[in-house]
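Here is a short tour of one chain. Keep the sequence and the 3D view at hand while reading.

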Amino acid sequence: MRLRKYYDVVRTNNSFFTTSFIQKMKISLNILKFWKNNLTKPAVISNKPVVAQIEPTSNCNLRCAMCIRDKIGVPIGTMSFENFKKILDKLDCLFKIHLSGQGESFLNKDLFKMIHYANKKGIIVNLNTNATLFNEEVIRNICNSNIGEIAISIESTNKKEYENIRKGANFDQVIKNITNLSSALKKTNKKTILSLAVTILKENIEDLPNFVLFAKKVGINKIIAQTIQEKEDYVKNYGSNIKENLILDYKKRLNVVIKKAKIMAKNKNIEFIFDEEKSSGCIWPWRSIYVTWNGNVTPCCKILDYRKVNAGNLLTDNFWKVWNGEAYKSYRRMLKRRKAPLPCKGCNRV
């Protein structure tokens, strides 16, 4: 599974192969430094991030039942293109960017300018979306960009259940949008991977095999399933209805259904990924960085409140003072010992 993941990243990264020789060498040497540091996992490291998740906006056009973005008290806003360039110029050895965060990425009017700027630096761009905004212009811009993977978030193949979870979305329109994008990518011979990103709830466990049929119907060949976030700081902010959806009490049944879905997916030639039980430890603080729309940094994309970690700000601070600052060093020391820092409590990667 891991080899397939690396293969997909390489084969879709046209930007890397078309960038300058000097930039290719810079990125490649940084990857080698990361692998060397990852063997011993020191607190202070010489490599820059290989992967970054940068939040284009924390605004969203939906009100999803499991979302806590409006409950944690952090400012809501949108990153400007100029600030994106400043951040990317500091993260000058990246191989991959996830242009996603707490909001809907396609709400940022400069999203495609960001993608093209990253592409020129040899960086593959992936993103997550709710697929509600895929009109003709957006689809045309996607086909004219180098995007590695677009993961479409969806929790049910049933219209009523889907719209009850993703409040504000129209199920029929989303299906049409996905189908139109899939068709356009094939017509233009783009290598962009479309995947379904499924958050597993108690109420949709039995529906998992149906996602395979749904994916086949709309022209998608990859499904990424993950359980609802069970970190302590998420759970305390969930409403009572979502707390009832925690999977802890349904793991045995979940494993049975996942196995069934994987068999069905294999028969349909669809990749089905669910590897939450196979963690060998978190490598985020050595490999990756998360940057909010206003430049604040956390060691992980699952730490929603950057004020609790205070790793720094890439718009105002020196990069190395952030990357090898006290917050990052503390996380690296604890995670090397497989100890969970407070904001990581409950994470299955620790």
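The side chains of Thr-132 and Asn-130 are joined by a polar contact of 2.6 Å. This comes from a predicted model. Thr-132 sits in the loop between strand 4 (124-129) and helix 6 (136-143). Beyond its neighbours up to four places away in sequence, Thr-132 touches Asn-61, Leu-62, Ala-169, Val-174 and Asn-177.

Glu-155 is in the loop between strand 5 (147-153) and helix 7 (159-165). Is Glu-155 buried or exposed? Glu-155 has 1% relative accessibility, so the residue counts as buried; the cut-off for buried is under 20%. The side chain of Glu-155 makes a polar contact with the side chain of Arg-166, at 2.6 Å. Residues up to four places away in sequence are left out of the next list. Glu-155 touches Met-66, Tyr-162, Ile-165, Arg-166, Ala-197, Val-198, Thr-199, Asn-204 and Phe-211. One of these, Phe-211, is a buried residue of helix 9.

Helix 9 covers residues 208-218. Its buried residues are Leu-208, Pro-209, Phe-211, Val-212, Phe-214, Ala-215 and Val-218. What do they pack against? The partners are helix 8, strand 7, strand 8 (222-227), helix 12 (251-267) and strand 9 (271-273). Just after helix 9 comes Gly-219, with a positive phi of about 85 degrees.

Helix 15 spans residues 326-336. Here Ala-327, Tyr-328, Lys-329, Tyr-331, Arg-332 and Leu-335 are buried. Lys-329 and Arg-332 are among these buried residues. The cover over them includes helix 13 (284-287), strand 10 (288-291), strand 11 (297-298) and helix 14 (319-323).

Arg-338 lies in the segment after helix 15. Its phi is near 60 degrees, a positive value in a residue other than glycine. Asn-189 also has a positive phi, near 55 degrees, and is not glycine. Asn-189 belongs to the loop between helix 8 (171-187) and strand 7 (193-200).

How much of each residue is accessible? Asn-189 has a relative accessible area of 67%, so it is exposed. Arg-338 has 43%, so it is partly exposed. Arg-349 is also in the segment after helix 15. At 29% relative accessibility, Arg-349 counts as partly exposed.

| Residue | Relative accessibility | Class |
|---|---|---|
| Glu-155 | 1% | buried |
| Thr-12 | 8% | buried |
| Arg-349 | 29% | partly exposed |
| Arg-338 | 43% | partly exposed |
| Asn-189 | 67% | exposed |

**Thr-12 and distances along the chain**

Thr-12 lies in helix 1 (residues 2-12). With neighbours within four places in sequence left aside, Thr-12 is in contact with Ile-124, Gly-148, Lys-191 and Ile-193. How far is Thr-12 from Leu-111 in space? The C-alpha to C-alpha distance is 19 Å, and the two are 99 residues apart in sequence. Arg-349 and Pro-75 are another pair to trace. They are 274 residues apart in sequence and 27 Å apart in space, C-alpha to C-alpha.

**The chain as a whole**

Now step back from single residues. The secondary structure of the chain comes to 15 helices and 11 strands. Its radius of gyration is 20 Å, close to the 20 Å that the globule rule gives for 350 residues, so the chain is as compact as a globular protein of that length. The C-alpha trace spans about 50 × 45 × 35 Å along its principal axes.

Buried residues make up 55% of the 350 residues. Of the contacts with a separation of 6 or more, 72% are between residues 24 or more positions apart. The accessible surface comes to about 16,500 Å². Carbon and sulfur atoms account for 52% of that surface.

What is the charge make-up of the side chains? There are 61 positive and 30 negative side chains. The centres of the two sets lie 7 Å apart.

Definitions and conventions: Residues are numbered from 1 along each chain as its sequence is written. This is a predicted model: local features need pLDDT of at least 70, side-chain atom pairs count only at pLDDT 80 or more; totals for chains, interfaces and linings use all residues. Side-chain values use heavy atoms; hydrogens and water are left out. Helices (H or I, at least four residues) and strands (E, at least two) are DSSP runs, numbered from the N terminus. The radius of gyration is taken over C-alpha atoms; the globule rule is 2.2 Å times the number of residues to the power 0.38. Buried means under 20% relative accessible area, exposed over 50%, partly exposed in between (1.4 Å probe, protein chains only). Contact means heavy atoms within 4.5 Å. Accessible areas come from the Shrake-Rupley method with a 1.4 Å probe; for residues, only the protein chains shown count as cover. Lys and Arg count as positive and Asp and Glu as negative; His and the chain ends are not counted. The place of a charge is taken as NZ of Lys, CZ of Arg, CG of Asp or CD of Glu. A polar contact is a pair of N or O atoms within 3.5 Å; within protein, one must be able to donate a hydrogen and the other to accept it, and residues adjacent in sequence count only if both atoms are side-chain atoms.
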